[in-house]
2 protein chains.
Amino acid sequence: MTITIKDLALVAGVSYSTVSKALNDSSLVKPETKDRIIKIAKEMGYEPNYAAQRLVSKESKVIGLIWPTLERVAPSVLVTKINEEISKSSYSMILSVNPLQTSLEMFKRFQVDGVIIFNEYLNDMPATSPLPCLTYGVKKDTPFPVIDVNYQGAMNDAVTYLYELGHRDIAFIGDLTTDDERQIEKAAGFKKAMKNFGIYQEDHILDTKGLGWYDGYMATVRLINSPYRPTAIISASYDISAGLIRALRQENYMIPNDISVLSYDNIPQMANMEIPLTSVGAPVEEIAQAMVQTLTRYIKDPDSVPAVQTLTPVITERSSCAAIGTPTEK
Amino acid sequence: MTITIKDLALVAGVSYSTVSKALNDSSLVKPETKDRIIKIAKEMGYEPNYAAQRLVSKESKVIGLIWPTLERVAPSVLVTKINEEISKSSYSMILSVNPLQTSLEMFKRFQVDGVIIFNEYLNDMPATSPLPCLTYGVKKDTPFPVIDVNYQGAMNDAVTYLYELGHRDIAFIGDLTTDDERQIEKAAGFKKAMKNFGIYQEDHILDTKGLGWYDGYMATVRLINSPYRPTAIISASYDISAGLIRALRQENYMIPNDISVLSYDNIPQMANMEIPLTSVGAPVEEIAQAMVQTLTRYIKDPDSVPAVQTLTPVITERSSCAAIGTPTEK
DNA sequence: ATTTGTAATAACAACGTTGTTATTTGTTGT
DNA sequence: ACAACAAATAACAACGTTGTTATTACAAAT
């Protein structure tokens with residue numbers, strides 16, 4: 001049989017409401033009785049009944065997250081970070097790997113306080129949800145707050161960075177076939193930046209037709225088999241970069257001596273690649289923090305939160321980019 | 001304001017206990033009133049309060065799963081299948097990506113009815129848990145039921161299959177550095193089977209020193225750079241196979257003409273590889289089913305369930321294995 | 001016509017909390 | 001010594017369900 005506050009009350013010789021207050025550290029109960037009760041609770045191994053608490057308090061202190069694609073690294077890293085961030089606050093996180101609607105229903109049953117939805121689902125997003133939601137990706141016409149990243153700015157930073165290293169022949173490799181707006185933004189940003197510098201050419205954009213590492217690999221193989229030889233490549237994501245590096249190394253290209261590589265997705269995992277990749281993007285930690293902070297604020301007061309929040313990307317230098325004509329190292 | 005059974009009772013002109021019974025399809029209420037109440041509930045968009053239900057019923061109808069490694073494909077597929085299987089029953093599944101202890105505590109708070117734990121965690125497994133648990137992997141001395149697979153048998157099947165195709169020079173590629181017993185079993189099974197046929201040699205076993213695709217890739221590259229040329233390779237997992245195939249293709253080995261490949265992990269995704277891989281192992285569907293069925297049974301009656309349940313592996317033929325001396329196709 | 005039996009529904013206690021209101025106890029000031 | 005007041009605690013009503021027990025209504029049986 002589990003122990004309830006009534007059991008504690010009996011032992012402590014006080015009423016159960018006093019026990020409740022003591023455990024919630026209320027100022028209405030004398031410090032010494034408080035301590036005594038807390039001690040007894042600990043001794044008896046008391047654990048509050050969550051269902052009962054929720055029945056009265058209306059809050060679950062839980063945030064639900066609908067898992068995006070299972071297969072890719074960058075989203076996994078982000079989810080992990082979000083989880084960390086949520087754990088730091090008074091919330092917990094649970095995941096659902098079900099479709100959007102199903103997940104939403106389940107989360108509603110659970111009375112989670114808020115839901116995080118990834119951009120991928122935006123198409124079948126409900127116009128309205130009974131739960132406070134937050135989305136990650138490019139703003140569409142959702143009624144929920146969005147955490148966005150300045151993807152175009154990121155690509156501009158990347159191009160500028162390479163330009164200043166002396167590169168003029170820069171390629172972009174990414175998925176152009178998706179309707180994921182984040183990917184579209186990246187490609188558009190690259191194009192714009194290149195045009196700014198007056199070094200844009202059609203064939204500088206390579207389509208992976210997918211977001212997996214293998215897509216990146218195959219696209220790179222196609223590039224290598226073509227006559228085009230850029231001095232630097234900007235990749236649209238971690239997974240694509242993984243394939244890119246794989247293909248380049250296989251053909252004995254030295255990075256960054258023969259070719260510079262700069263990848264989107266500012267995650268620490270970039271350092272673990274065969275060649276630690278210089279990367280651009282909003283740092284995952286920052287994204288995670290913004291998401292969790294915004295959502296918790298939104299839960300408390302929906303009006304206190306901006307509709308869109310666009311994070312600023314930064315470049316994290318590692319060792320995959322070199323100045324042109326520097327055969328040794330960066 | 002949310003709608004409760006009391007609201008429904010008011011509208012229907014009955015007592016709220018009647019409403020409760022009607023919604024639970026009790027035989028104590030007249031069919032017509034039942035229908036009427038159900039209709040009203042639907043119209044008014046009634047949704048039962050989960051916390052209240054749980055407070056009285058003691059059941060959550062939820063199974064918690066502690067997420068294993070985020071990065072690998074095979075576990076992801078299994079988790080997805082488990083989720084499907086759970087959805088079919090009256091249960092739902094939630095995931096936690098936190099460490100074992102933290103997850104367990106959270107699940108306890110949630111009063112989940114059962115927990116699924118993967119073998120990876122077995123080392124810091126508590127001797128006892130307040131929650132019904134089920135583990136997946138090789139039996140250790142846990143007090144909980146275990147779903148196991150006959151890994152040695154699987155490897156024996158694999159070796160036999162290839163032997164019958166005429167192969168005598170068969171290599172095994174897998175992670176030997178881990179203390180994951182499942183991996184150890186696979187290697188042991190291979191060795192034993194090879195010895196049975198009298199074709200075992202030390203250097204037939206290749207250590208990937210890891211379970212990621214890249215580990216498989218690197219180990220294969222090392223193999224290719226060595227003088228040893230097996231006619232067939234048995235891989236210990238999907239991800240290792242992914243790297244294996246990658247490396248082989250890169251060196252222009254044709255599969256199965258130049259070399260046969262047989263992979264552990266009987267998941268449908270094997271068909272999506274560059275070359276659809278013949279694979280061995282207990283089918284994921286079967287594993288998932290066994291896990292969910294056993295756990296739900298265990299929840300109801302802990303004594304009705306065997307301590308260990310060992311599933312029988314099967315070979316699923318695809319197109320990566322050929323008889324030796326068959327240069328066209330299998 | 002009155003009892004008996006049963007089908008249908010109503011009433012109500014419980015589940016374990018929290019927040020509000022009521023009561024007791026103790027202290028201070030006159 | 002007794003108001004007046006504050007501090008500490010007790011009492012109790014919620015929260016939204018479910019299961020048990022009590023009541024009603026109505027049919028069949030004597």
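The legends below describe close-up views of a predicted model.

Residues are numbered from 1 along each chain as its sequence is written, with chains lettered from A and ligands numbered from 1 in the order in which they are written. Local features need pLDDT of at least 70 and side-chain atom pairs count only at pLDDT 80 or more, while totals for chains, interfaces and linings use all residues; side-chain values use heavy atoms, with hydrogens and water left out.

**View 1. Chain A as a whole.** Chain A holds eleven helices and twelve strands; helices (H or I, at least four residues) and strands (E, at least two) are DSSP runs, numbered from the N terminus. With a radius of gyration of 26 Å, well over the 20 Å that the globule rule gives for 330 residues, chain A is more spread out than a compact globule. This radius is taken over C-alpha atoms, and the rule is 2.2 Å times the number of residues to the power 0.38. The C-alpha trace of chain A spans about 85 × 45 × 35 Å along its principal axes. Of the 330 residues in chain A, 55% are buried (under 20% relative accessible area; exposed means over 50% and partly exposed lies in between, with a 1.4 Å probe and protein chains only). Among contacts (heavy atoms within 4.5 Å) in chain A between residues at least 6 apart in sequence, 68% join residues at least 24 apart.

**View 2. Helix α6 of chain A and its cover.** Helix α6 of chain A runs over residues 100-109, and its buried residues include Leu100(A), Ser103(A), Leu104(A), Met106(A) and Phe107(A). Why do they lie on the same side of α6(A)? They cover an arc of only 165 degrees around the axis, which puts them on the same side; the arc is that of the directions from the helix axis to the C-beta atoms. An α-helix has 3.6 residues a turn, so residues three or four places apart point the same way. The cover over the buried residues of α6(A) includes β1 (62-66), β2 (92-96) and β3 (114-118) of chain A, together with β2 (92-96) of chain B. Just after α6(A), Gln111(A) takes a positive phi of about 55 degrees.

View 3. Leu206(B) is part of strand β7 (residues 205-207) of chain B. Is Leu206(B) buried or exposed? Its relative accessibility is 13%, so Leu206(B) counts as buried. Leaving aside residues up to four places away in sequence, Leu206(B) touches Ala171(B), Phe172(B), Ile173(B), Gly174(B) and Leu223(B). Thr220(B) is 14 residues from Leu206(B) in sequence and 8.4 Å from it in space, C-alpha to C-alpha.

**View 4. Cis peptide bonds in chains A and B.** In chain A, a cis peptide bond with omega of about 5 degrees joins Ile255(A) and Pro256(A). Pro256(A) is in the loop between α10 (238-250) and β9 (260-266) of chain A. In chain B, Ile255(B) and Pro256(B) are joined by a cis peptide bond, with omega about 5 degrees. Pro256(B) lies in the loop between α10 (238-250) and β9 (260-266) of chain B.

View 5. Asp25(A) is not a glycine, yet its phi is positive, at about 55 degrees. Asp25(A) sits in the loop between α2 (16-23) and α3 (31-44) of chain A, and is exposed, with a relative accessible area of 55%. Lys209(B), also not a glycine, has a positive phi of about 55 degrees. Lys209(B) belongs to the loop between β7 and α9 (213-225) of chain B, and is exposed at a relative accessible area of 57%.
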